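Please prepare a short briefing on this structure for someone who has not seen it before. Keep it plain, and group the points by topic.

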Amino acid sequence: MSAPLKPLPAWADVALIPLINVVAAFLISGLVVTAIGENPFEAVRILIVGAIGDLEGVGFTLYYATSFIFTGLAVAICFHAGLFNIGVEGQAYVAGLGAALACLYLGFLPGYSLLVVAILAAALFGAAFAAIPGYLQAKRDSHIVITTIMFNYIASALMGYLLVDVLRVRGQMNAETAQFPPGGIAPQFHELLAPLGVHWPVTPFNVSFLLALAAAFGVWLLIWRTRLGYEIRTVGANPTAAIYGGISPARITIVTTLLSGALAGGMAVNVILGEEHRLILEFTAGFGFVGIAVALMGRAHPVGIVLAAILFGMLYQGGAELAFDKPKISRDMIVVIQGLVVLFAGALEHMFRRPVATLLARRTTSPPI
Amino acid sequence: METFAAFIVIFGSGIRLGVPLILACLAGLWSERSGVVDIGLEGKMLTGAFAGATAATFTGSAWLGLLAGVIASIGVSLIHGYASIDQRANQIVSGTAINMVADGMTALIGNAIWSQGGRTPELPETALFNPINLPFAQSFGAVPIIGPIYQHLISGHDIITYFAFALVPLTYWALYRTRFGLRLRAVGENPAAVDTAGISVRGLRYSAVVICGVLVGLSGVYLSVAQAAYFQPHMSAGKGFIALAALVFAKWRPWPALATCLLFGFLDALSIRMQGMVLPGIGPVPVQAIQTLPYILTVVLLAGFIGKATPPKASGVPYVKER
């Protein structure tokens with residue numbers, strides 16, 4: 001059909017192509033804004049001011065980003081093993097149950113040990129819920145994409161049942177649990193900074209952010225600096241070669257999905273322990289799916305994921321301000337941008353490769369004088 | 001007699017709830033049989049529903065709504081086709097992107113046009129696909145047993161419903177009894193062999209993707225211009241994914257697909273009917289348990305505990321010609 005492509009220089013591969021893809025997604029988003037009769041430049045200005053114009057905006061942006069770092073890492077770690085985990089949404093949802101049960105029934109634990117136990121419970125529940133699709137993929141060859149989609153709905157029904165019929169406080173209208181005891185609450189930064197004399201406006205930005213950064217570093221360490229990480233990458237690159245190398249793809253598949261589910265649990269820590277302080281219906285709000293966009297945009301690398309998560313945090317926070325100022329640009333715009341990022345940075349990631357390669361080749365092979 | 005009447009009511013609503021599943025499931029069947037995995041059914045259904053309701057609102061014609069819904073859905077299908085066939089993309093990623101874009105875009109545009117939170121205005125009866133009463137439905141209805149079945153289950157549906165049921169034998173015939181169908185199934189199993197025979201893999205897959213767009217677009221139009229009289233954001237409410245589950249459950253075959261979609265529709269109708277009911281000895285019916293049954297059944301089937309669901313061999317695998 002056509003001549004094979006010359007390999008691109010490393011800088012183009014790592015930076016230029018991903019940048020072009022994301023720019024394409026945002027250009028089309030701009031066209032959409034224009035099409036519904038608003039000025040995209042003004043929209044961007046309102047969005048940025050809303051997201052990082054003051055400390056309150058920054059607090060909310062980083063609060064959202066915390067959730068996205070966790071869900072992005074959860075999706076990315078599976079990418080490395082060649083698995084597509086669409087079930088992060090459901091895993092994070094069920095992880096919230098773990099955190100809530102710990103807080104509601106282990107309230108006697110002293111001080112912040114309850115918080116530690118609640119975080120571990122969230123990770124455990126998230127991992128356990130991911131374990132079933134992981135096991136079925138590894139041992140029974142059931143496609144993890146289909147099973148995790150099914151498990152999202154199973155999670156939604158299960159949690160709906162538990163919150164409405166079992167965990168709800170008697171005589172309460174809302175389907176939610178009782179408030180958690182103080183020991184189970186992840187402190188918010190405005191409380192932590194107040195004694196130090198730093199005034200930070202009241203936002204849900206809480207210590208889970210530090211946990212998210214630690215998780216990002218941990219994932220980097222795991223994937224590129226440990227034997228397990230090497231095995232994960234090998235299975236992802238070539239399962240047959242992995243078997244030849246003495247690695248069991250089934251074991252790696254199960255271990256990776258467990259880790260992914262545990263990372264998804266971090267989102268529950270941020271939202272349930274850090275902000276809501278009680279378990280509520282549908283608290284995941286689609287953030288598990290944002291993780292897919294974040295992981296693709298961040299090229300499954302923790303540094304990229306943190307940056308992409310902050311960008312999406314800005315979009316969510318700034319988007320709320322934008323919807324307030326310009327009712328025509330509702331918050332659905334953010335979902336559109338998210339989808340376009342997945343489309344261009346994921347599905348069509350090689351679309352600009354050929355033109356860029358041709359362009360670069362033309363420049364470097366210009367005849368010598 | 002009373003239980004029989006209740007059965008007729010539940011089964012009737014089961015059929016109505018099953019129709020969008022049948023159409024979307026057959027759509028997925030066409031696409032996946034050609035080797036293009038489609039988890040974007042949900043997004044295309046929403047696109048079809050939105051375009052259908054919008055066009056019907058502006059033109060006042062249900063048929064123009066149908067046309068618009070189908071064309072919009074084909075357009076989205078072609079994006080998925082371009083990514084999957086020409087760009088050799090990860091088809092799951094592409095489908096995910098389509099679901100996200102469609103979910104956001106329909107709500108966004110709907111809100112921008114009508115400022116009702118994404119909802120379109122109520123369509124007048126003249127701009128809807130209305131129930132068709134088959135001959136003698138009224139008089140024949142008095143006959144015991146068969147009468148109500150004829151009057152309430154067979155008669156009284158709209159044209160899209162009858163078309164959906166007719167599509168099952170049509171799909172079966174096209175896939176298993178025509179040259180095109182044979183080639184299409186072959187391209188989903190072993191595209192290299194089809195290519196060697198001098199038949200275009202690309203052409204076959206693109207035609208499958210377009211057929212998929214038509215059918216799933218129809219299911220969307222059914223939602224907004226027949227079942228309801230408006231479009232509402234997220235109105236497909238996971239039906240695209242249930243259709244996907246049904247496709248797996250039916251092991252990618254047309255007749256079992258019909259049976260599965262009717263079963264899932266029936267379960268849905270049952271769970272709506274049982275809302276708030278108290279059974280002696282059991283207590284309140286856990287409606288969520290019935291609602292999740294399709295998903296649980298699909299997982300159990302995928303796990304190979306009740307038979308084995310094996311997808312077409314080349315589904316999800318981009319075809320690379322030059323070697």
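In chain A, helix H2 meets helix H13: Ala43(A), Ile46(A), Leu47(A), Ile48(A), Gly50(A), Ala51(A) and Ile52(A) of H2(A) are in contact with Met314(A), Gln317(A), Gly318(A), Gly319(A), Glu321(A), Leu322(A) and Asp325(A) of H13(A). Two residues are in contact if their C-beta atoms, placed from the backbone, lie within 7 Å. By class, the residues of this contact are 8 nonpolar, 4 polar and 2 charged. Ala, Val, Leu, Ile, Met, Phe, Trp, Tyr, Cys and Pro count as nonpolar, Asp, Glu, Lys and Arg as charged, and the others, Gly among them, as polar.

This is a predicted model, in which local features need pLDDT of at least 70 and side-chain atom pairs count only at pLDDT 80 or more, while totals for chains, interfaces and linings use all residues. Residues are numbered from 1 along each chain as its sequence is written, and chains are lettered from A and ligands numbered from 1 in the order in which they are written.

**Confidence**

- The model has an ipTM of 0.91 and a pTM of 0.92.
- Chain A has an average pLDDT of 91, with 96% of its residues scoring at least 70; pLDDT is the predictor's confidence in each residue, from 0 to 100.
- For chain B the average pLDDT is 89, and 98% of the residues score at least 70.

**Overall build of each chain**

- Chain A contains 15 helices and 0 strands; helices (H or I, at least four residues) and strands (E, at least two) are DSSP runs, numbered from the N terminus.
- Chain B contains 13 helices and 2 strands.
- Chain B, with 323 residues, has a radius of gyration of 20 Å, in agreement with a compact globule near 20 Å.
- Along the principal axes, the C-alpha atoms fill a box of roughly 80 × 55 × 40 Å in chain A and roughly 65 × 50 × 40 Å in chain B.

**Helix packing in chain A**

- Two packed helices are described by the angle between their axes and the distance between the axes.
- The axes of H2(A) (residues 40-52) and H13(A) (residues 302-325) come within 7 Å and cross at roughly 120 degrees. Axes are lines fitted to C-alpha atoms, for helices over the stretch in contact, and angles run from 0 to 180 degrees between N-to-C directions.
- That angle makes H2(A) oblique to H13(A); angles under 35 degrees count as roughly parallel, over 145 as roughly antiparallel, 65 to 115 as roughly perpendicular and the rest as oblique.

**Helix packing in chain B**

- The axes of H1(B) (residues 2-33) and H7(B) come within 9 Å and cross at roughly 25 degrees, so H1(B) is roughly parallel to H7(B).
- The residues in contact include Val19(B), Ile22(B) and Leu23(B) of H1(B), and Ile160(B), Thr161(B) and Ala164(B) of H7(B).
- Helix H7 (residues 159-177) of chain B also packs with helix H12 (residues 254-273) of chain B, their axes coming within 8 Å and crossing at roughly 155 degrees. H7(B) and H12(B) are therefore roughly antiparallel.
- Here Val168(B), Thr171(B), Tyr172(B) and Leu175(B) of H7(B) meet Pro254(B), Trp255(B) and Leu258(B) of H12(B). The residues of this contact divide into 6 nonpolar, 1 polar and no charged.

**Where the chains touch**

- The contact between the chains takes 38 residues from chain A and 38 residues from chain B.
- On chain B, helices H4 (91-114), H11 (239-249) and H13 (287-302) each supply at least two residues of the side that touches chain A.
- H4(B) gives the most to that side, with 15 residues.
- The side of chain B that touches chain A has 22 nonpolar, 13 polar and 3 charged residues.

Note on methods. Rg over C-alpha atoms; globule rule 2.2 N^0.38 Å.
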